[in-house]
Amino acid sequence: MTTITDEQLDLYAARVNGKVVVITGAASGIGKETATRFAKYGAKIVIGDLDIQGATKVLDGIVKAGGQGAVLSCDVSSWEDQVALFELAEKRFGSVDVVIANAGIAELGDFTNPDIKDGKPVKPNWKTMDVNLTGSLYTAYVGLHYLRKGKKEGDLKSVVLIGSMASWQAPTNMPMYAASKHGVLGFMRAVYPSCRREGIRISIIHPWFADTKIISDGLKAGLVGLPMVPLHRVAGAILYSATDPDLGTSGCPWLLPDGGPVFRLEKDQLKEGVYRLIDKRIKL
């Protein structure tokens with residue numbers, strides 16, 4: 001495990017100067033902080049968010065500071081909206097260089113206490129899975145296509161996914177949220193090898209709770225006395241993980257387990273049973 005200090009988070013930020021960043025869910029919270037941070041270093045920011053008013057306000061701030069960007073209404077669980085977002089980025093700025101699948105929501109409904117109608121369980125509200133898991137995979141899937149277009153050796157091309165500490169320590173009262181965030185981590189682990197072969201960075205950020213709209217009043221009450229993760233540090237972790245020129249750190253999880261520094265974990269290695277044989281075969 002490697003500790004990344006606040007002073008290191010902007011170490012490679014100059015690499016995003018002139019690059020095109022597509023980010024979902026950047027009308028507020030972590031996304032807003034991240035979009036603003038990338039724009040500070042000269043990136044062109046393309047925001048996809050259902051809160052078009054909030055996203056436009058974020059973009060206005062970026063433009064007033066001398067930056068560039070675009071905004072499009074985007075439901076991340078809609079395939080057509082996602083494709084339209086990336087088409088906008090390419091048509092407006094000519095390429096896509098960094099993809100940040102940031103949009104996410106909290107647990108909706110009570111999975112462990114289903115509604116019953118006529119003696120049978122009613123289908124649960126599946127929106128948490130649709131947004132957090134399907135939406136993130138859509139962003140990555142479409143994003144990888146646009147990252148590949150015109151890619152040259154040494155180009156900065158990067159995907160950043162947003163997990164959670166719930167990807168590791170599942171809260172028992174948020175099973176769908178935990179499942180969605182475990183799923184995003186599993187996806188990153190599965191696609192990392194193919195991204196590596198293509199010279200595309202991929203990473204996942206796992207913050208503890210930050211003070212954003214995703215936290216309900218009830219959840220806030222349960223978190224009283226516990227440290228929150230500073231938004232600037234989460235945005236810094238996203239920036240660092242996207243821009244680190246060392247491909248050896250691609251595929252790593254980046255953890256923010258409390259109000260302290262960022263930790264980069266090494267890639268998981270399971271080398272028991274058949275996995276020992278598979279590892280040996282890969283190295284032949």
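Modeller: Of the contacts between residues at least 6 apart in sequence, 69% join residues at least 24 apart, a contact being heavy atoms within 4.5 Å. The model is predicted, so local features need pLDDT of at least 70 and side-chain atom pairs pLDDT 80 or more, while totals for chains, interfaces and linings use all residues. Residues are numbered from 1 along each chain as its sequence is written, and side-chain values use heavy atoms, without hydrogens and water.

The protein has eight helices and 11 strands; these are DSSP runs numbered from the N terminus (helices H or I, at least four residues; strands E, at least two). Of its 284 residues, 45% count as buried, that is, under 20% relative accessible area, with exposed over 50% and partly exposed in between (1.4 Å probe, protein chains only). The accessible surface comes to about 14,000 Å², and 54% of this belongs to carbon and sulfur atoms; such areas come from the Shrake-Rupley method with a 1.4 Å probe, and for residues only the protein chains shown count as cover.

The part I pick is helix α5. This helix runs over residues 175-197, 23 residues in total. From its first C-alpha to its last, α5 reaches 34 Å, close to the expected 33 Å, where the expected span is 1.5 Å times one less than the number of residues.

The helix also bends, by about 40° at Val-191; the bend is the angle between axes fitted to the seven residues ending there and the seven starting there. A proline, Pro-193, follows within four residues of the bend. Val-191 is itself one of the buried residues of α5.

Next comes the buried side. In an α-helix there are 3.6 residues a turn, so residues three or four places apart point the same way. The buried residues of α5 include Tyr-177, Lys-181, Val-184, Leu-185, Met-188, Tyr-192 and Cys-195. Among the others are Met-176, Ala-178, Ser-180 and Phe-187.

Just after α5, Gly-199 takes a positive phi of about 75°. A positive phi is also found at Asp-118, about 55°, although Asp-118 is not a glycine. Asp-118 sits in the loop between β6 (116-117) and β7 (120-121). With a relative accessible area of 70%, Asp-118 is exposed.
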